[in-house]
Amino acid sequence: MWSSCVRTRSMLSPTTLCVCNEKTALSFLKIWFMLQYEWNRNQRFLFQAAIAFAMSHHLDLEFNVSNILVCDETPRVSFWFVVTSPDDPSRLVGKESVELAVRASRSRINNILLLNDATLEFIGVLPTLAAPVKPATPSWLIVFGVVIGIIGAGIVFLLVSTVVQKKRYVDDDEEAQMKRMAGNEGICNTSFSECDRNTQM
Amino acid sequence: MAKDARDNWESPTQFVLACVSYAVGLGNVWRFPYLCQMHGGGGFLIPYLLMLLLEGVPLFYLELAIGQKMRLGSIGAWTAISPYLGGIGLASVVTSMYLCLYYNIINAWSFWYLFHSFQSVLPWAACPVNSNRTGPMEECEKASPTQYFFYRETLNISPSIEKNGGIQTGQALCFLLAWVITYLFIIRGVKSTGKVVYFTATFPYVVLFIYLIRGMTLHGALNGVKYMFTPKMEELANPTTWINAATQIFFSLGLGFGSLIAFASYNQYHNNFERQAIIVSLINSGTSIFASIVTFAIYGFKATINYENCLDRTRILLLNSFNLAEDSITINNVFEMIEKLNTTFPEQFAELSNKLEDCSLENELSTAVEGAGLAFIVYSEAIKNMPLSQLWSVLYFFMLLMLGMGSMLGNITAITTPLRDFKFLSHVSNEIVKNIRNRIFLQSKYFGKSFCVMLVVFKGLLPKLICTNTTFFYNIAGALQAKIK
């Protein structure tokens, strides 16, 4: 990995070094891969291509894979990278525009590398989370409506049936009552106002 | 047919199920496990069962006796024993009224959570995104998603009890629904209540059983169960343990509120309530113990998950700070690596020390929670980590609802029965009386959580006063009972 850095170093002016420290941090972005990711030359190439795509998309210039420089890789799979301008390889593209480009195409970069916001972190670049999905009616209101509808129907049914039963009982006058009771035993003497078969205690 | 023939339960089973439904309530699920944890695990069962024998069963039996023999609600029954004791009955009716006011709010919360379970992602599973869409909301990140959902999205809690936060529409609707359902259950008196209790008494056991199986098969559940049942016998020397055991028996069985008198008053005169009293008391205590096994299995699962997440965060922090390969630190050797890195890179490690969390399974297990916090925050946190969490969520909150509704039935019956006994009210149709009373109760939607907590804490005082007076007069009741027999 250092060999590629050295090679590019020879193309650049001596002042531009592939050393990633605090002085050059303005131009460099550090990233972390937070899972067991097989890191080799081809994966690095894919990453560079993804960043090149993001930069081209954001700035409308044509970036090449060679414009993305990766250095100081660690076993954690974290490294610094820097973007050089396509017109002038010795000039570095500012950190802010790189950040904006990454932010704009973050989901695309994630999908290219088969990672997500939790497993691929660009230090200093906050992810843009998906907007919450707001359905037209909140789903709980639908269930609530169903339940209260059923309960309301139940109450109405019970009230109506009580009223109907009471009406039927009142409509039955003495004769109908007598006929019903005559079937059981004896005849009810209607001289009593209330035909009460049970005596009060 | 005599006009004032009293309604009766269609069968003794209905009466037993009604008592079970009333006694087995939210307290069995969220208070008893907490007490068990606080007072020495398995050792707490000793004072609990002793109090059941000395205090619970006798009082339960006596209340059923009064109700069944007098065949009147609490006011009438106490007045029948002695005219000077009518005040006890009145006090219990007033207490039941206060209870009804706030108890249905908890049912409203259960409805809210139940309705919100019908979503592809449970709303308390993750924090909502903030306005910049750069990360989760700050308030939610400081607490946890489940706490945020309960305190902010459900209650929209105000900073203190003095500040009035206004009416939450969603909560008001759920509260209205809770009262409407209660009305439906009691609309025909014991005829409707008797049918409803078949379901409200038995369904919670189905869910508890399902949760027992699910809970025991969860990763880390045995940690919790072991923690709970390890007895700490020194707690028995603490008088608070015995006081709490007595209080728990008292409230768990619902003594002194007039509900048991009311239920028993609809019994046949020669019903064998002696055996039923023992059965219901034993079922109630057995359910408490059963529910606490389930709760501690869930606790153990939640504590283990939190502990492992803590270890994972520590692992990532170490990997990032020291730029090590991904597989050099695993969850199992986090602590060893901390030691190793501390010795090899002391200065770098010192910089990390304020970011490093203290991960301990004991600490996670010992955070005991009771009350609404347990039912709505801790449990929902555990549920969101289960596979197929929507199903478990629906089952769980439906069970909470059945437990709450069953207890509400008892409380409402404690109020309607004495009112019905008054001759001038029996002319008014039952439905109308209940309707009017419900409308009055709906005004209690202005109560919020702080009031609920306050009422829960203080409602106990009145029945306790009743109880101390009544135990003296229970001798009279016993003598009266012998006379009647």
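Which residues does Tyr396(B) touch, not counting residues up to four places away in sequence? The legends below, drawn from a predicted model, begin with that residue.

**View 1. Tyr396(B) and the largest nonpolar core.** Beyond residues up to four places away in sequence, Tyr396(B) touches Tyr211(B), Ala375(B), Tyr379(B) and Ile383(B). The largest nonpolar core has 122 residues. Those that touch the most other members are Phe60(B), Leu64(B), Phe111(B), Tyr211(B), Phe376(B) and Tyr396(B). Apart from this core lies another, of 22 residues, which includes Met55(A), Val70(A), Val98(A) and Phe122(A).

**View 2. The buried and exposed sides of helix α15 of chain B.** In α15(B), residues 334–344, the buried residues are Val334(B), Met337(B), Ile338(B) and Leu341(B). These residues lie on the same side of α15(B), because they cover an arc of only 105° around the axis. An α-helix has 3.6 residues a turn, so residues three or four places apart point the same way. On the other side of α15(B), the exposed residues are Glu336(B), Glu339(B), Lys340(B) and Thr343(B). The packing partners of the buried residues of α15(B) are α14 (273–322) and α16 (346–352) of chain B.

**View 3. Asp60(A) in a loop of chain A.** The loop between α2 (41–59) and β2 (68–71) of chain A holds Asp60(A). Its phi is near 65°, a positive value in a residue other than glycine. Asp60(A) counts as exposed because its relative accessibility is 72%, where the cut-off for exposed is over 50%.

**View 4. Arg71(B) in a loop of chain B.** Arg71(B) is placed in the loop between α4 (45–70) and α5 (74–81) of chain B. Here too a residue other than glycine has a positive phi, with a value near 55° for Arg71(B). The relative accessibility of Arg71(B) is 25%, so this residue counts as partly exposed.

View 5. With 6% relative accessibility, Asn110(A) counts as buried, the cut-off being under 20%. Its contacts, leaving aside neighbours within four places in sequence, are Leu115(A), Asn116(A), Asp117(A) and Leu120(A). For the pair Asn110(A) and Leu120(A), the separation is 10 residues in sequence and 7.4 Å in space, C-alpha to C-alpha.

Key
Residues numbered from 1 in each chain as written. Chains lettered and ligands numbered in written order. Predicted model: local features only at pLDDT ≥ 70, side-chain atom pairs only at ≥ 80, totals over all residues. Heavy atoms only, no water. Core = buried A, V, L, I, M, F, W, Y, C linked by side-chain atoms within 4.5 Å. Buried < 20%, exposed > 50% of the residue type's maximum accessible area, 1.4 Å probe, protein only. Contact = heavy atoms within 4.5 Å. Helix = DSSP H or I, 4+ residues; strand = E, 2+ residues; numbered from the N terminus. Arc of directions from axis to C-beta.
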